[in-house]
Amino acid sequence: QVQLVESGGGLVQAGGSLRLSCTASGRTFSNYAKGWFRQAPGKEREFVAAGTWTWTGTITYYADSVKGRFTISRDNAKDTVYLQMNSLKPEDTAVYYCAAVRLLSDYRDFARYDYWGQGTQVTVSS
């Protein structure tokens, strides 16, 4: 289901930065866990980052490949989740998708997420 909308992708040189946004479409996902995944041509979808923001606290997760470079955050009032990407590398080139799930289990498994955006292209040139 496409009930999330990504934006902010584009072309950037290696070492540059981009901030992706993911907004709700047609419903509210304020109480849902959020994840970011990416898929490069010829490769399978891979986990990038995820976050949970509940009364129990805030927890974020990152793939080893992006730790220290990417940051996931949210603006609950706007029902928007962000992925700040710094120090971009050519290997970060992919279509980036945001996803949501009410109860997060395995944050790394895209099959656990129920709602998805259409994806936004990120291209990092060398």
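## The largest cavity

Phe 29, Ser 30, Lys 34, Arg 74, Asp 75, Asn 76, Asp 79, Thr 80 and Val 81 line the largest cavity of this predicted model, where a cavity is a set of points, on a 1 Å grid over the protein atoms alone, at which a 1.4 Å probe fits but cannot get out, and a lining residue has an atom within 4 Å of a point. The volume of this cavity is about 50 Å³, a volume being the space filled by probe spheres set on the points, with grid points joined across faces, edges and corners. One cavity of 30 Å³ or more is counted by this rule. Strands S7 and S8 are the elements that give two or more residues to the lining of the largest cavity; helices (H or I, at least four residues) and strands (E, at least two) are DSSP runs, numbered from the N terminus. By class, the lining has two nonpolar, three polar and four charged residues, with Ala, Val, Leu, Ile, Met, Phe, Trp, Tyr, Cys and Pro counted as nonpolar, Asp, Glu, Lys and Arg as charged, and the others, Gly among them, as polar.

Residues are numbered from 1 along each chain as its sequence is written, and side-chain values use heavy atoms, with hydrogens and water left out. Since this is a predicted model, local features need pLDDT of at least 70 and side-chain atom pairs count only at pLDDT 80 or more, whereas totals for chains, interfaces and linings use all residues.

Asp 79, one of the residues that line the cavity, is placed in the loop between S7 and S8. Asp 79 counts as buried because its relative accessibility is 13%, the cut-offs being under 20% relative accessible area for buried, over 50% for exposed, and partly exposed in between (1.4 Å probe, protein chains only). Most residues other than glycine have a negative phi, yet Asp 79, which is not a glycine, has a positive phi of about 50°.

A positive phi of about 50° is also found at Ser 87, again not a glycine. Ser 87 lies in the loop between S8 and S9 and is partly exposed, with a relative accessible area of 40%.

## The largest pocket

The largest pocket holds about 150 Å³ of space, a pocket being an open set with protein on both sides within 12 Å along at least five of seven lines. Its lining is made up of Asn 31, Tyr 32, Ala 33, Thr 52, Trp 53, Thr 54, Trp 55, Thr 56, Arg 102, Leu 103 and Leu 104, and these divide into six nonpolar, four polar and one charged residues. Strand S5 (residues 46-54) gives the most to this lining, with three residues.

Arg 102, one of the lining residues, is found in the loop between S9 and S10 and counts as partly exposed at 40% relative accessibility. Leaving aside residues up to four places away in sequence, Arg 102 touches Asn 31, Tyr 32 and Ala 33, where contact means heavy atoms within 4.5 Å.

## The nonpolar core

The largest nonpolar core has 37 residues, of which Trp 36, Val 48, Phe 70, Ile 72, Leu 83, Met 85 and Tyr 96 touch the most other members; such a core is a set of buried Ala, Val, Leu, Ile, Met, Phe, Trp, Tyr and Cys residues joined through side-chain atoms within 4.5 Å. Strand S9 gives the most to this core, with seven residues.

Leu 83 has contacts, not counting residues up to four places away in sequence, that include Trp 36, Val 48, Phe 70, Ile 72 and Tyr 96. Ser 21, placed in strand S3, is buried with a relative accessible area of 14%, and among the residues that Ser 21 touches, with those up to four places away in sequence not counted, are Trp 36, Thr 80 and Val 81.

## Salt bridges

Side chains of opposite charge can pair when their charged atoms come close. The structure holds six salt bridges, each a side-chain nitrogen of Lys or Arg within 4 Å of a carboxyl oxygen of Asp or Glu. In one of them Asp 92 pairs with Arg 69, with the closest N and O atoms 2.7 Å apart. This pair links distant parts of the chain, 23 residues apart, with Asp 92 in the loop between strand S8 (80-85) and strand S9 (94-101) and Arg 69 in the loop between strand S6 (57-62) and strand S7 (70-75). Both Asp 92 and Arg 69 are buried, and they belong to a network of salt bridges that also links Arg 38 and Glu 46.

Asp 64 forms a salt bridge with Lys 67, the closest N and O atoms lying 3.1 Å apart, and Asp 64 is exposed, with a relative accessible area of 64%. Arg 108 and Asp 106 meet in a salt bridge at 3.2 Å, N to O; Arg 108 is exposed at 52% relative accessible area, while Asp 106 is partly exposed at 26%.
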